[in-house]
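The sequence and structure come first.

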Amino acid sequence: MCTITKDMKHFKSNELEYFNTSTEKWYDLGDGTTKIRVKPRETQLDLQIEVARKTSINIVTCGDCGSTLLHRQADETITCPDCGFSSEPCDFPDLNY
Ligand SMILES: [Zn+2]
């Protein structure tokens, strides 16, 4: 069992990670650890990158009306479902970057 310090008590165990001094890396479970910290929160960009990697679908914004839309990375032309603007992927910037 790991000892969780007072100020860490309001976090769930899966929100914390532990520093292993022999490998000098942070792990979900502690063993031979000296440090404990709250896991860095995932950013919107982290999640967007995970979606893109797993699905090959990008989350972008329309270069004309600004709506958020999804498209497959293989698409050579994207058409905005809201305003009908149709162009190359470079005219649809990523939602987060
Ligand atoms: Zn649009």
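A residue counts as buried when its relative accessible area is under 20%, as exposed when that area is over 50%, and as partly exposed in between. The model discussed here is predicted. Cys62 has a relative accessible area of 5%, so it is buried. Across the protein chain, buried residues make up 21% of the 97 residues.

**Fold**

The protein chain has one helix and seven strands. Read from the N terminus, the order of these elements is β-β-β-α-β-β-β-β. Of the contacts in the protein chain with a separation of 6 or more, 23% are between residues 24 or more positions apart.

**Zinc site**

Which atoms of the protein are donors of the zinc ion? They are the SG atoms of Cys62, Cys65, Cys80 and Cys83, at 2.3 to 2.4 Å from the ion. The angles among the four donor atoms are 107 to 112 degrees, and the site is tetrahedral. Along the sequence, the donor residues follow the spacing C-x2-C-x14-C-x2-C. Cys62 and Cys80 are 18 residues apart, and this pair links distant parts of the chain. Cys62 is in the loop between strand 4 (57–61) and strand 5 (68–72), while Cys80 is in the loop between strand 6 (78–79) and strand 7 (86–87).

**Nonpolar core and aromatic rings**

Two of the zinc donors, Cys62 and Cys80, also belong to the largest nonpolar core. In soluble globular proteins, nonpolar side chains tend to be buried together. Cys80 has a relative accessibility of 2% and therefore counts as buried. With neighbours within four places in sequence left aside, Cys80 is in contact with Cys62, Cys65, Ser67, Leu69, Phe85 and Phe92.

There are two aromatic pairs in the model. In one of them, Phe85 and Phe92 have ring centres 5.5 Å apart and planes at 35 degrees. Why does this pair count as tilted? Planes under 30 degrees apart would be stacked and planes over 60 degrees apart edge-to-face, so the remaining range is tilted. The angle of 35 degrees between Phe85 and Phe92 therefore makes the pair tilted. Phe92 is buried, with a relative accessible area of 2%, whereas Phe85 is partly exposed at 26%.

**Charges over rings**

**Positive phi**

Most residues other than glycine have a negative phi. Glu24 is not a glycine, yet it has a positive phi of about 55 degrees. Glu24 is placed in the loop between strand 1 (16–20) and strand 2 (25–27). Is Glu24 buried or exposed? Its relative accessibility is 60%, so Glu24 counts as exposed.

Ser56 likewise has a positive phi, near 60 degrees, in a residue other than glycine. Ser56 is in the loop between helix 1 (44–55) and strand 4. The relative accessibility of Ser56 is 37%, so this residue counts as partly exposed.

Definitions and conventions:
Residues numbered from 1 in each chain as written. Predicted model: local features only at pLDDT ≥ 70, side-chain atom pairs only at ≥ 80, totals over all residues. Heavy atoms only, no water. Core = buried A, V, L, I, M, F, W, Y, C linked by side-chain atoms within 4.5 Å. Buried < 20%, exposed > 50% of the residue type's maximum accessible area, 1.4 Å probe, protein only. Contact = heavy atoms within 4.5 Å. Phe/Tyr/Trp six-rings, centres within 6.5 Å; stacked < 30°, edge-to-face > 60°. Donors = N, O, S within 2.8 Å, 3.2 Å for Na, K, Ca; no water. Tetrahedral: all angles 85-135°; square planar, octahedral: opposite > 155°, others 65-115°. Helix = DSSP H or I, 4+ residues; strand = E, 2+ residues; numbered from the N terminus.
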